Structures are given as structure tokens and as C-alpha cells.
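Visitor: I have just opened this entry and would like to be shown around. Where shall we begin?

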Amino acid sequence: YKSGHTHAAFAPDGSVAVFAGPAGEGSTYWAISVADSVNEGDAVTFTDGLPSGSDGKMALKEKLLAKLNSLDSDAYITTVIDLITETSAENIFCQKSEEAKELGTHPLHSADGRVVLAGDAAHAMSASYGQAANFALEDAATLAACIRDGDDLEGALKDYSKKRLDRCIEMQARSAERAAKAMKGEQVEDVSKWIFQWEIA
């Protein structure tokens, strides 16, 4: 581990991803992503069964340390274990991350035209590409153009859904793929050109 640099390590089976890097003068951040396990067909979250409040944070810290100590030891993992050990349990933040359900081919507006979906409400996706806000802006620009150029609101909303669905479904799929591969330390195709060559249709 080299101070001032960002580092990552991955369990070979994709169950754990560990990150650490600089967080200002004299400070280091760390983050750990632990995949759910499966027990008799049901997903079991890493935090299941932990108490709430301060006791829960301490239990979480102990469980994280136990998980890391179960991995093949190397200098970097040992460094992260030391970082966690030195971190107060009260300063550990835990957030469950869930993949959004597939968007499907439903329209992005209600039948009566009173509700239009955009951004995460329409197509929540993994943060692996960091495109949620970007796609929300694309939605807004497309919706504005459809309303501006349409003959009526009903037709404009149908046009909006038609123009956005395929692209958003593909971005959801690409984001989920990248998130899954990242947990195993695998590389994925660079899709930045595909993302940024978009123009309002």
C-alpha cells in the first residue's frame, strides 16, 4: 500500500471487493463491497442479523474484520485490516446496494399523460459507470424536444418513451455487467464513446 494512491483488491470468487485511497491531508478512506450469499435459494445479506445502533456498528466492524481475515492474506489486505481496526465503529457507514429491476418495455408515462418518468424513477441503474445523473439530463432534454416538436402532448410522450427505452435498457445492462465484473477484478469494455456520442434524436 502506497500513501496518496488509490488501491483495490478482489476476492477470486467475487465475494469481496476492497478499496482504499487518500481522503485529504493525513486521512485515508476505505470501502468494502460484500456480495450477498445464497442459503437454500434465498439471498442472505452480509448485514443480516446485526443489532441496531452502536452495538450494530461494532458488530459490523467485527464481522468485516473476520471476513477480511478469512481471505488469502497479502500486504494490501493486511493494510486494510489495519485501517479498519483503527477506525472507530461509530465512523463506519453501511449501505445496502441493490440492482434495479430490469426496465422492460413499459412506457415512461401514464396512460392519462399526467405522470412522466425520468431519471432513477424511470431507469435506476448501478453506479458502476456513474451515468444516473447524465441519463436523467438526457431524459429531460429528450422530453423537452419531444414536447417542443410534437403535435400534441399524448404523441410527444409516446415519442419520448420510444426514444429513451432502448438506450436506457442497454445502459442498465452494461452497468450491471460492469458492477458484477468489478467484484471479481475483471475488466469490461470501454463504452465511453457509446455513452457520449449521444445526441437528441
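Guide: We may begin with Lys 193, which lies in helix 6. Please bear in mind throughout that this is a predicted model.

Visitor: Is Lys 193 buried or exposed?

Guide: Lys 193 counts as exposed, because its relative accessibility is 66%, and the cut-off for exposed is over 50%.

Visitor: Ala 145 is in helix 4, I think. Which residues of helix 4 are buried?

Guide: They are Phe 135, Glu 138, Asp 139, Thr 142, Leu 143, Ala 145 and Cys 146. These residues are on the same side of helix 4, because they cover an arc of only 165° around the axis.

Visitor: And which exposed residues are on the face turned away from that buried side?

Guide: That face of helix 4 carries Ala 133, Leu 137 and Arg 148 as exposed residues.

Visitor: What covers the buried residues of helix 4?

Guide: The cover includes helix 3 (120–123), helix 5 (153–182) and helix 6 (192–196). Lys 193, with which we started, belongs to helix 6.

Visitor: How far does helix 4 reach from end to end?

Guide: Helix 4 runs over residues 132–149, which is 18 residues, and reaches 26 Å from its first C-alpha to its last. That is close to the 26 Å expected at 1.5 Å a residue.

Visitor: New topic: the nonpolar core. How many residues does the largest one have?

Guide: The largest nonpolar core has 20 residues, and Val 18, Trp 30 and Leu 68 are those with the most contacts inside it. Two or more residues each are given to this core by strand 2 (16–22), strand 3 (28–34), helix 1 (53–69) and helix 2 (75–86).

Visitor: Which element provides the largest share of this core?

Guide: Helix 2 does, with six residues. As a general matter, nonpolar side chains tend to be buried together in soluble globular proteins.

Visitor: What does Trp 30 touch?

Guide: Not counting residues up to four places away in sequence, Trp 30 touches Phe 19, Ala 20, Leu 64, Leu 83, Ile 84, Thr 87 and Ile 92.

Visitor: Back to helix 2, then. Which of its residues are buried?

Guide: Tyr 76, Ile 77, Val 80, Ile 81, Leu 83 and Ile 84 are buried in helix 2. Seen down the axis, they fall within an arc of 160°, so they line one face of the helix. On the other side of helix 2, Ala 75 and Glu 86 are exposed.

Visitor: What covers that buried face?

Guide: Strand 1 (7–10), strand 2, strand 3 and helix 1 are included in what covers the buried residues of helix 2.

Visitor: Could we look at Ile 81? What does it touch?

Guide: Ile 81 touches Leu 65, Leu 68 and Asn 69, leaving out residues up to four places away in sequence. Its relative accessibility is 14%, so Ile 81 counts as buried.

Visitor: Which residues of helix 1 are buried?

Guide: They are Gly 56, Ala 59, Leu 60, Lys 61, Leu 64, Leu 65 and Leu 68. What covers them includes strand 2, strand 3 and helix 2.

Visitor: What lies in the loop between strand 5 and helix 1?

Guide: Thr 45 has its place in that loop, with strand 5 covering residues 42–44. Thr 45 counts as buried at 15% relative accessibility. Leaving aside neighbours within four places in sequence, Thr 45 is in contact with Asp 36 and Lys 96.

Visitor: Last topic: the aromatic rings. How many aromatic pairs are there?

Guide: The count comes to zero aromatic pairs.

Visitor: Which charged residues lie over the face of a ring?

Guide: Arg 167 lies over the face of Trp 194, at 4.6 Å from the ring centre. Arg 178 lies over the face of Tyr 129, at 4.4 Å from the ring centre.

Terms used: Residues are numbered from 1 along each chain as its sequence is written. This is a predicted model: local features need pLDDT of at least 70, side-chain atom pairs count only at pLDDT 80 or more; totals for chains, interfaces and linings use all residues. Side-chain values use heavy atoms; hydrogens and water are left out. Rings of Phe, Tyr and Trp (its six-membered ring) pair if their centres lie within 6.5 Å; planes under 30 degrees apart count as stacked, over 60 as edge-to-face and the rest as tilted. A charge sits over a ring if NZ of Lys or CZ of Arg is within 6 Å of the ring centre and within 35 degrees of the ring normal. A nonpolar core is a set of buried Ala, Val, Leu, Ile, Met, Phe, Trp, Tyr and Cys residues joined through side-chain atoms within 4.5 Å. Buried means under 20% relative accessible area, exposed over 50%, partly exposed in between (1.4 Å probe, protein chains only). Helices (H or I, at least four residues) and strands (E, at least two) are DSSP runs, numbered from the N terminus. Contact means heavy atoms within 4.5 Å. The expected span of a helix is 1.5 Å times one less than its number of residues. The arc is that of the directions from the helix axis to the C-beta atoms.
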